[in-house]
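We will go from one element to the next.

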Amino acid sequence: MPHYLNPADMLLSNNFSQGVEVTSPMRWLSIAGQVGRDKNGTIPDGIEAQAELTWRNVFAVLKEAGMSAQDLVEVNVYLINRADNAGFDKVRSQFLGSAKPASTKVYISGLSDPRLLCEIQARAAKAL
């Protein structure tokens with residue numbers, strides 16, 4: 001189980017941990033960048049719809065590995081529009097609940113398809 005680190009002399013976030021320590025032996029899972037596109041290639045309109053589908057894709061990989069949100073140790077988020085921040089975070093909190101993996105959010109100029117608004121890359125670890 002990951003150990004979440006939030007030093008008392010640093011700003012505490014409701015959404016993520018400042019660090020996550022994992023002690024071996026652990027199984028590691030790297031999740032490739034997931035976007036709001038379904039298996040048929042359909043991309044919904046709007047940040048909340050895309051964020052929901054993106055998180056569902058992340059969770060599908062976690063489930064395939066026998067893992068859950070509690071096993072996430074790192075999440076990297078890429079957003080196209082700063083205005084989408086609140087909508088993305090709303091969906092994120094619905095999926096992650098009490099899990100607070102170390103997180104980074106970056107605003108970028110574009111993704112692989114110009115209709116895509118967000119992408120999530122993640123790492124998870126679970127005890128053997």
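Two strands are said to pair if DSSP finds at least two bridges between them. With that in mind, and remembering that this is a predicted model, begin with the open sheet of four strands, whose order is E3-E6-E4-E5 and whose pairing is mixed. Select residues 26-35 for strand E3 and residues 102-107 for strand E5: these two stand at the edges, and each has a single partner strand, so one side of each is left without a neighbour in the sheet. If you look along the sheet, neighbouring strands are turned by 10° against each other on average, when direction is ignored.

Next, select residues 72-79, which form strand E4, and follow its pairing with E5, which runs in the parallel sense over six bridges. Within this part of the sheet, find Asn76, which stands opposite Thr104 in E5.

Residues 47-64 make up helix H1, which lies across E3, E4 and strand E6 (118-127) and runs at about 150° to E3. Residues 85-96 make up helix H2, which lies across E4, E5 and E6 and runs at about 155° to E4.

Finally, go to Ser13, in the loop between strand E1 (3-5) and strand E2 (19-21). Is Ser13 buried or exposed? Its relative accessibility is 14%, and because buried means under 20%, Ser13 counts as buried.

How values were computed:
Residues numbered from 1 in each chain as written. Predicted model: local features only at pLDDT ≥ 70, side-chain atom pairs only at ≥ 80, totals over all residues. Heavy atoms only, no water. Axes fitted to C-alpha atoms, helices over the stretch in contact; angles between N-to-C directions. Contact = heavy atoms within 4.5 Å. Buried < 20%, exposed > 50% of the residue type's maximum accessible area, 1.4 Å probe, protein only.
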